[in-house]
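My entries follow in the order in which I looked.

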Amino acid sequence: RARARPFSPALPPPQRAMAGDTQEAVLAIEVRSLPHSQCHLSSGGASRSAGARTLGEAGRSVFGAYESQAPGGKARPCTLRLCWMLVGVFLVVTSLVCFALTLLWIETAADETKAVSDTHTDIRLHYENVSERAIDALLNELVLQDMYVERLAVAEYINMPYLAVEMLGGAMDQKVVTVEGMDGNVKQLWWLQTKLPALEKRFAWGGIPKLESVFYADKHGFFASYSNECANPGRSSCSGDMSYALYLRPPDDLPGGTTSPANASAAVAGCSQAMCQLSANMTLEHVHYYMADGLTGEPRFLVSHQEYDPRERPWWKRAVGTIPPQIVWTDLQNLKTVRPDVAPHGFSVSRAYYDDEGELAMVAGATLRISHISDILIRRVTLAAQNRPPDSESCIFILDDTGRMIASSTGMPDVLCEGTACSGRQQMWNSTGSGLIKQAVASLLQRFPSGLAHLNNYAVHVDKVSHYIYSHFRLESGRESSENVGSEPNPSTRDLRWIIVRAQPITAYEKQILEEKATSQQKSRVAMANLEEKIDSKELVTLVLCGCFLVAGALGLSCISWLVSRRLKTIANQMDKVARFDFSDSNCGGLFEAGAKTPGSDSSTPELSPHRHSSKIHEIAHISKAFHNMTSGLQSFSRYMDPHIVKLLVQSGQQARLGVAKAQVTVFFSDIADFTKMAEVLEPPVLAELLGEYLEEMSGIIMEHSGIVGEFIGDEIMAWWNAPPLEFDGKQHTVAALSAALEQQQRLAELREHWSEQGLPGFTVRMGLVRGQALAGNLGSTTRMKYGLVGDNVNLASRLEGLCKMYGVGCLVDDGVRLAPGVPEHFVFRSVDLVSVKGRKNATEIFELVAKRGTDALAAPSSLAFSADFAAVQEQYRQGDFTGALVALESFESRWPGDKPASILRDRCEKLLKYPPGNDWSPMVQLHEK
């Protein structure tokens, strides 16, 4: 960088607690000056104070309980005690030991059985609770999707007549349908009746017509309609040539005022020969019912006729009375027909059309029957039960927002009142014969007391009392009532305001799950009962076996105890020392003798070899040799991991297990800039030596400041502080981390001078530090694991190290580091930017570590002014004052030229002034690369 910024020396390592202090350093190693050589483990220069807790205590707090002999306690001679116990009081000791072991076994077995049972029960209950919540969420979504399909089925059905009316009006706009052209108009109706349903591929319900009938009428009383005879319940089949009916009514204003049937055809213009001949047989003011040809739509023969005036029908009056013209729905009505055996109830959709002079030309419409809607709902219930157990206790029904029934899967009696006194009257929901319908609507009104008109568009409710799932969807169509224009959208003012409601028992979805749950609970109880029974049966066997083994063992041990007791005691004492990583005796109490140093070994760690005359007994000698190999292995093992972690693990007295726990840590990442280019230039041996020297120096500084070197990733160093949290009771581990970072930069500057004298290239290092919560513990697999950290803050520290290259700085930290306890009083920072790194949505303010306060020139007023001036620029920029920020940047760069963060900020301000941002501008920079 153009501006030289010297780094201050590191802070002195945090004060270690002395003997008697309440704050003790739990990772300390006591080092004493002994008159003879010591066998100890080098820790890379990491010194520890004399009054700290032992590593055995640290290991117990991290990895588990480990009972060790009290220091300074004097053990009685093992040989004398063993002989006294096995020979002098053999019978008494045998009885007591047998009794004690049996009681211990029984108590332990009972406790373990209870613990296993409690743990199993807790896990099962937790799993059941989690499963129930997940099943409830999935159930709500599934029911909602089912209801959406029901709504879609009904909507598709009522959309067909709506579409037919629109297309008939479009045909009139295109002059395909005219007032005078009866023949062309009838053909257009025939096309709509037969071709339009074929265009809707997704709607196929088998036996339910997609379009029941289409019709039109004019102001002269002329009426024409085609009807799908599949809609009539009296027909046994819908196939063949007689599948459609044609209804015709001649106009009533004939020339000359005559009512003679012979003159009826004179009023019909543009008709075909067949249609004109047909008109000659028409009776005025009557609608005529013809069977139509299934291929051409032409009438075959007259079935019947009756008096009928379309202008008196509700669909005509509502359509003509709607200004401006739009498609309207009628209320539920009796669809009057000329067939005495058919008197269906249903709805009509119609629209009035006017000519170019504004005169009424015709009213077009179509019909649908509520019995067919009920058929659709019945088929939907049947279809939903295909992949589940029989669903006879479910129902789907439709009612309007006044509570009147429209359709129901329970049958038409719940929709229309039957009987001579109320024939054809529409049922209210509370007057139906279905208790399930009443129960479902009552649940809706309980949740929405303001009435059905104020329901949500859709909702799902699981009633744990009735064990039913109630769901509904609103379905609306038609015009908005003119008297309610400008009113709130809820309640709705459309013509057709339906509510589709479905009631299903919870067991329709969860029956098999509940059965499996009960079965698993029963199996669990049986398994635990069998386990307890087996444990009880083993108690007597245990008593007998304990007595036998103790007698045999006592006889054998009494013969050989005096031969091995002293030697075993010596080995045991030394093993206990090694377990505590205490290599204070160079020859380990005479068990080993010092050997020659091996090439490359630590000068402070002597090589040990088994004493040639350690024991005359082969097994004891073999144990001594194995112990020597174990000691050498531990010494070698410590070179592959941080020595502090190795000591804690060994002294814990337990095997390492996979598991993590939350810890408040300071995470550190460093990386050599342009290492790849340097690796391509240097020879491998030179590169290895250079990299080794660098890593040795940097890791030593980290450990001097009580840090944990987690791993070397090529040229990258990952380290952290306060995990395990044994050293920094004052929570000032971030101060130690920052001190280590500054000392590394200072040491690296010295190494660059040293390398330059040897003709080797120098390099710079980028660093990133983050303070926050992470998961610390043993990671990996059951066969290969390491002690390390994972978490979002670990990733963030790595990202900050990478961002140093972008901003041209040596060390970046987050706001957690800057505001950590003890940091503001000791270090100077400057705000660099507000970014959102890849993988995180929240903004992170990043700071450059400038210097340490009060220790060097840069931490004097000049460094404080450097940070304050750039902070002022950042404040103007983040407030959106880009012009003011540019002016401040010119002053800043004149005083501190070559600063890359300032250059980056200047480019942003110039771009934002050239292309001004919107009101939603944010100073946060979204980074898309690591």
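**Charged pairs**

I began with Arg318, which counts as partly exposed at 25% relative accessibility, where buried means under 20% relative accessible area, exposed over 50% and partly exposed in between, with a 1.4 Å probe and protein chains only. I noted that this is a predicted model, in which local features need pLDDT of at least 70 and side-chain atom pairs count only at pLDDT 80 or more, while totals for chains, interfaces and linings use all residues. Residues are numbered from 1 along each chain as its sequence is written, and side-chain values use heavy atoms, with hydrogens and water left out.

Which residue forms a salt bridge with Arg318? I found Asp331, with the closest N and O atoms 3.7 Å apart; a salt bridge here is a side-chain nitrogen of Lys or Arg within 4 Å of a carboxyl oxygen of Asp or Glu. Asp331 lies in the loop between β6 and β7 (333-334) and Arg318 in helix α6, so the pair ties together parts that are 13 residues apart in sequence. Helices (H or I, at least four residues) and strands (E, at least two) are DSSP runs, numbered from the N terminus. Asp331 is also partly exposed, at a relative accessible area of 42%.

I then looked up Glu711 and Lys786, whose side chains meet in a salt bridge at 2.5 Å, N to O. This pair links distant parts of the chain, with Glu711 in strand β18 and Lys786 in strand β21 (residues 785-790), 75 residues apart. Glu711 counts as partly exposed at 26% relative accessibility, and Lys786 counts as partly exposed at 38%.

Are Arg369 and Glu212 buried or exposed? Both Arg369 and Glu212 are buried, and they form a salt bridge in which the closest N and O atoms are 3.6 Å apart. Arg369 sits in strand β9 (residues 360-369) and Glu212 in the loop between α4 (182-199) and β1 (213-217), so to speak for the record, the pair links distant parts of the chain, 157 residues apart. I also recorded a network of salt bridges that links Asp671, Arg766 and Glu801, and by this rule the count comes to 21 salt bridges.

**The chain as a whole**

I counted 19 helices and 25 strands in the secondary structure of the chain. Of the 930 residues in the chain, buried residues make up 46%. The accessible surface comes to about 46500 Å², of which 55% belongs to carbon and sulfur atoms; accessible areas come from the Shrake-Rupley method with a 1.4 Å probe, and for residues only the protein chains shown count as cover. Among contacts in the chain with a separation of 6 or more, 67% are between residues 24 or more positions apart, contact meaning heavy atoms within 4.5 Å.

**A helix packing**

I next looked at helix α15 (residues 792-807) and helix α19 (residues 900-914), which pack at an angle of about 75° with their axes 9 Å apart. The axes are lines fitted to C-alpha atoms, for helices over the stretch in contact, and angles run from 0 to 180 degrees between N-to-C directions. That makes α15 roughly perpendicular to α19, a label used for 65 to 115 degrees, whereas under 35 counts as roughly parallel, over 145 as roughly antiparallel and the rest as oblique. The contact is made by Lys805, Met806 and Tyr807 of α15 and by Lys900, Pro901, Ile904 and Arg908 of α19.

**Backbone details**

Where is the cis peptide bond that has an omega of about -5°? It joins Ile323 and Pro324, and Pro324 is in the loop between α6 (314-320) and β6 (328-329). Another cis peptide bond joins Ala723 and Pro724, with omega about 5°, and Pro724 is found in the loop between β19 (716-721) and α14 (733-757).

Asn722 is found in that loop between β19 and α14 as well, and its phi is near 80°, a positive value in a residue other than glycine. Asn722 is buried, with a relative accessible area of 11%.
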